[in-house]
Amino acid sequence: MKFGVIVFPGSNCDHDCFHVVKNVLGQPVEYIWHDDIFGGEFDCIIVPGGFSYGDYLRTGAIARFSPAVNSLIDFANSGGPVIGICNGFQILLESGLLKGAMLRNTNMHFICKYVYIRVENIDTPFTNLCKPNQVLKIPIAHNEGNYYIDEVGLKDLKSNNQIVFRYSSKEGQIADKYNPNGAKDFIAGITNSKGNVLGLMPHPERCSEDVLNSTDGLLIFKSILNWTKVKT
Amino acid sequence: MITQEMYEGLGLKESEYKRILELLGRQPTLTELAMFSVEWSEHCGYCRSRRWLKILPKTGKFKSLVGEDSGGIIVDDIAIIFKAESHNHPSQVEPKQGAATGVGGIIRDIFTAGARPIASLDSLRFGTLDEPYSRYLLKGVVDGIQFYGNCVGVPTVGGEVYFNKRYSGNCLVNVMCIGVAPKDKLARAKAVAGGIIMYVGSSTGKDGIGGCSVLASAEFAEGEEKRPTVQIGDPFTEKCLIEATLETISTGHVLGIKDMGAAGLTCSISEMAQAGGTGMDIDLDKVPTREREMQPWEIMMSESQERMLVCIKEGKEEEIEKIFSKWGLNAAVLGKATIDGIVRIKAKNEVVAEIKADFLAEAPLYEMPHKKPDYQDELNYLDLDKIVQPRNLGEVLIKLLSSPNITNKNWIYHQYDHMVQVNTMVLPGSDAAVLRIKGTNKAIAATTDCNAKYCELNPLRGAQIAIAEAARNLVCSGAEPAAVTDCLNFANPEKPQRYWYFKNCVEGITEACQFFGVSVVSGNVSFYNESPLGAILPTPMIGMIGIVSDIKKVCTQGFKNENEAIILLGKNLPDIGGSEYLEVIHNQFKGQAPYLDLSQEKALHDTVLKVIKDGLVQSAHDCSEGGLAAALAECCLSNSEKITGALIDNLDFDIRKDFVLFAESQSRVILSASFENVPKIKEIAGNNTVPFKVIGKTGGDSLKILDNDKELINLKLDKLKSVWYESLEESLNSSS
C-alpha cells in the first residue's frame, strides 16, 4: 500500500508520519511537495501536522489553496483514504473535505500532553482493528483544537456516525474535565459522510512504537492496511 | 570624523579606540568602527572571560568535537552537536520576542553545523512570583518559547525554572539545543579562499541593531529604553531555513556556513574569514534588505533573524539558489573569500571597510581583578541551633511542594510541544529528558542544572554541585554522563567582588568535569546581569548530555508498583545552608553550600548506572531542592499512569528530624525495586562503598514517614497531587 505525505512549508510532523509508515508499518511512502499535483499513484494520503505557511493567518487557511490540496480533493472524492492529523485536520476543514471549524483551546494556551480518546465508530478505514469503545492513549499538541460545528451539523455527524473519536477518561468516561480543549461534544476526530476522510487532533504517529510512551496510534495505521485487505 | 561620543555609544572604551587607531594606522570608517565594536564586545570577544575559559577541559571519556559555533561528541558514527546560549537582556526588555529569538538563535547554531536539531531545553530564572513584573516575564518568556519552538518543530523536552528576588531586575533565559548528524556530514563555520560567499534566508532590516554590543554588554541602568535593540523572530522562516540548509549541506558544495546571530553580517563575515585564514570581498548592495536606504553600517550591524552566510564551491551558485527559492527564501551572492586576509566591504561602489580579519579577532584580553566579597563570611555563618524545629513536618512538606522552585512545572511544559520528531522517550517531569537516536539502539539523555544559591554561598563548590547534580540526573535516567555546555551568567565583571564568583565557578566546573571525565564542548558567557536592584545570583547553568547504551534500559523517577522496596543510596547530612527549607520555612538565605565529595558522588553514579543496566530497579530519583521528603513525594506522584504511596519506616534519625527530611545533602538517590533484587543492589552499592539502606516500601494511598512508631508525616496522595501539580498555576493566577 503506497502512502503519500503532503509537505507544506512549515509542516513539522511530515518526517514523523513518513518514519512510521516506512519504518514501523514497512510500507512504501513518498513526500508530496505542496506545489505539486498528484493522482492515483497513491493508496492513502496523510496530511501531517505542523504550521503550514506559518499559520500566521487562520490555521490551514492558506494551505487549502495549494496545488497539492486540489489533488487531494480529487483523490478524496474518488474514495481514496485520507488522514489529516492536527494541522492536517485543520486543513481538511478549511478545504471543505470535512465539516466544522477550529477555535482556540478554551484555556488560550498551546497544549501538549497525553490524553485519552474513546473510539466511537469502528466501522471506518481508520479504526476497524479497534474494539467498540476502546480507549486509546495518545498525545495532543495544538493551539486550535477546539472543534466547533453548529447544532444542525452536529446532528448530521451523529446520525451518519461520523464522530470517530471523543476525548474521555482512561476508563472511557466522557466528562468536561477530560475535554482538553473545549471541543464541541468532546470531538477529537471525525470523518466525512462517505467515511474515507478522517481528521483528528491527536497524533497517532507519536505513539506507534514501543520505545515511546504508547503504541495505541499504531492501531489507526494498521487499520488502514487492514481495510484495504478487507475491501479487496 | 569619529568622536568619543560615537565610539562610546557603540560600547567601545577609549583604550580600545586607541588600539583600533594603532592597528589601522588611520581613523576607522563608521562601518569599521561598528565592526570593531561588536567583535570586541564582551558578547563576541569574551574579553573578560577568555582567560578563565581556557582552563575548561576539552576532552573527556567520549570523543569531543569543539567547533567554531558549537561542539559535541561522537558516538559510533553519529555526531551529537549541542550548545547553550543566553538571551537574558532581550528577554528582560521584551520577554516574548527575547525568548523566541533566543530559541531561534541556538537552533541555528546547531543546524549550521550540519546537524538536525532534535531537542531544546530552557533554563530560566525570574524574580519571585509575588512581583507583577516577574509574572509578566514568566508568561512572556514561556509564550515566546512555545511560539517559536512549537512552530519550528524542535521539541522542548526539558529545562528548569527558579524564582528568586535576585533576578527581579534581570531575568535569565538560557536555551540549549541538541542536534544529530552522521559524523562525516558536519559543516564548519569557516571560509575557504576562492569560495563564493552567499547570503541566504530572511532579508535584512533595522531590527536588533546594537543588540550584542549595547544591550548584552552592559548593566541595565535606571529608566533606559532598550526595546528597539531586541530582534523579532519568525519561526516559520526558520523551519524553512533548517530544511533548506540541511538540503544545501547534503549537496557537498558547502565549504563553510555560519549563522548571522549577534552582530549579524559583521560577525559572520569576519569570523568566517578569521577561522578560515582568508579575506573576503563583500558587496553590500547585494544584501536583500526589507527597508529602504539602509546605511552600510546598519546593514552590517543588523540582527535581523533567520539569516546565514554560506561559503560554497564556485559554479554551484545556481544550484544553491534553487534550493532556497524552493523554500521561499532569499539567496544572494555577496562576494568571494580571498587569500589576502583582508575583509573588504563595498557599498555603492565605495569601499566602506577594509580591515585585516585578524584585527577583528584581536579582541582585547583583560585580566580582571577578583576579590572575595566582604559580606561572604557573614553570609556563610549560620547557627543551626537557632533554627526552630517546626512541629508539623507534614505542613512543611506541603509548603515546600507548593513553593514555585520545587513544585511541578507542567503549567509550563504542557505549552511546549515536547514530542514532535517522535524521539522523546522520557517526557518532561523526570530527572532528565531521554531521546532515542533513530536507527540505533542508543538514546541521549539531557538535563540543565544549577543551584545558584549554592554558587553564591560557595562558588567553587556550587559549580561542582551543578556538574554533580546534572550528572546524577543523567545516571538516574540510565545514561552515562558524556559532555557539557554551559551558560555562565554573572554580574558586572568590572567589579572585583562580582568577578570573584565567575573565576571560582569556572574553576569548580573544571575540577568536577575533569573528575567525572566529561568535556566542556561549547558554551557562552553572559556578564553584566545586574540592574539598579542589584546583581543576580552567580548562575553557571550547566547543560549536560549523557548516553544510554541500551534503549531498553531507560529509567524514570516515579514509583511503578506497590509493595516494592524503597532504597536510599547516600548519606543524610545536616546541609541546610542555602536550602529551600531554610528559605521557605525560616525565611533565611545563609550558611554553607552543601558538602560534596566528588569521589563519593562518582561512586554513586557508578552504582546507579550499574543497577539500572542490570535491570534491577523500577525507578531512580535524585534528592535535590526540598531534600529527601520532597524527593519521596515526587517519586510517589511522577508516574502519570498511577500515583503510588509509600511507607517510610526505616529511616535513621541520627540528626535532627527536619534536617533528615529537608536538608539538601548531595550524592543521594532514591531507588525502588522488587524485594528479591534488594540483595544484589546492596552488593553493588557495597562494592562501590556507597551507603545503602532500605528505608521503606511502596504502596497505599498516602506518603507516611515514621520515626520508629511516631508518625512524622502522613499525607494523602490526592492532597499531595493537587499541591504538586496545581500550585504553579495557582500562584500565577491568584496574584494576577
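## Salt bridges

Over all chains, the count of salt bridges comes to 54. The model in which they are found is a predicted one. Side chains of opposite charge can pair when their charged atoms come close.

One such pair lies within chain A, where the side chains of A:Glu30 and A:Lys2 form a salt bridge with an N to O distance of 3.1 Å. This pair links distant parts of the chain, its members being 28 residues apart. A:Glu30 belongs to strand E2 (residues 29-33) of chain A, whereas A:Lys2 is in the segment before strand E1 (3-7) of chain A.

## Interface of chains A and B

Chain A contributes 31 residues to the contact and chain B contributes 34 residues. About 2600 Å² of area is buried between the two chains, and carbon and sulfur atoms give 61% of this area.

Two salt bridges are found across the interface of chain A and chain B. The side chains of A:Arg206 and B:Asp417 also meet in a salt bridge, at 2.9 Å from N to O.

## Helices H19 and H20 of chain B

Two packed helices are described by the angle between their axes and the distance between the axes. For helix H19 (residues 459-476) and helix H20 (residues 496-516) of chain B, the angle is about 40° and the axes are 7 Å apart. H19(B) and H20(B) are therefore oblique to each other. The crossing of H19(B) past H20(B) is right-handed.

On the H19(B) side, the contact is made by B:Pro459, B:Leu460, B:Ala463, B:Gln464, B:Ile467 and B:Ala468. Residues on the H20(B) side include B:Trp500, B:Tyr501, B:Asn504, B:Glu507, B:Gly508, B:Glu511 and B:Phe516. Divided by class, the contact of H19(B) with H20(B) has twelve nonpolar, three polar and two charged residues.

## Helices H22 and H25 of chain B

Helix H22 (residues 598-613) and helix H25 (residues 678-687) of chain B have axes that come within 9 Å and cross at roughly 150°. This angle makes H22(B) roughly antiparallel to H25(B). The crossing of the pair H22(B) and H25(B) is right-handed.

From H22(B), the residues B:Thr607, B:Lys610 and B:Val611 meet B:Ile681, B:Ile684 and B:Ala685 of H25(B). The contact of H22(B) with H25(B) comprises four nonpolar residues, one polar residue and one charged residue.

## Helices H23 and H26 of chain B

The axes of helix H23 (residues 627-637) and helix H26 (residues 717-734) of chain B come within 10 Å, with a crossing angle of roughly 100°. The two helices, H23(B) and H26(B), are therefore roughly perpendicular to each other.

H23(B) makes this contact through B:Glu634, B:Cys636 and B:Leu637, and H26(B) through B:Leu717, B:Leu720, B:Lys721, B:Trp724 and B:Tyr725. Six residues of the contact of H23(B) with H26(B) are nonpolar and two are charged, with no polar residues.

How values were computed
Residues numbered from 1 in each chain as written. Chains lettered and ligands numbered in written order. Predicted model: local features only at pLDDT ≥ 70, side-chain atom pairs only at ≥ 80, totals over all residues. Heavy atoms only, no water. Axes fitted to C-alpha atoms, helices over the stretch in contact; angles between N-to-C directions. Helix = DSSP H or I, 4+ residues; strand = E, 2+ residues; numbered from the N terminus. Parallel < 35°, antiparallel > 145°, perpendicular 65-115°, else oblique. Left-handed = near helix turned anticlockwise from the far one by under 90°. Contact = heavy atoms within 4.5 Å. Nonpolar A, V, L, I, M, F, W, Y, C, P; charged D, E, K, R; others polar. Buried area = accessible area lost by both parts, 1.4 Å probe. Salt bridge = Lys/Arg side-chain N within 4 Å of Asp/Glu carboxyl O.
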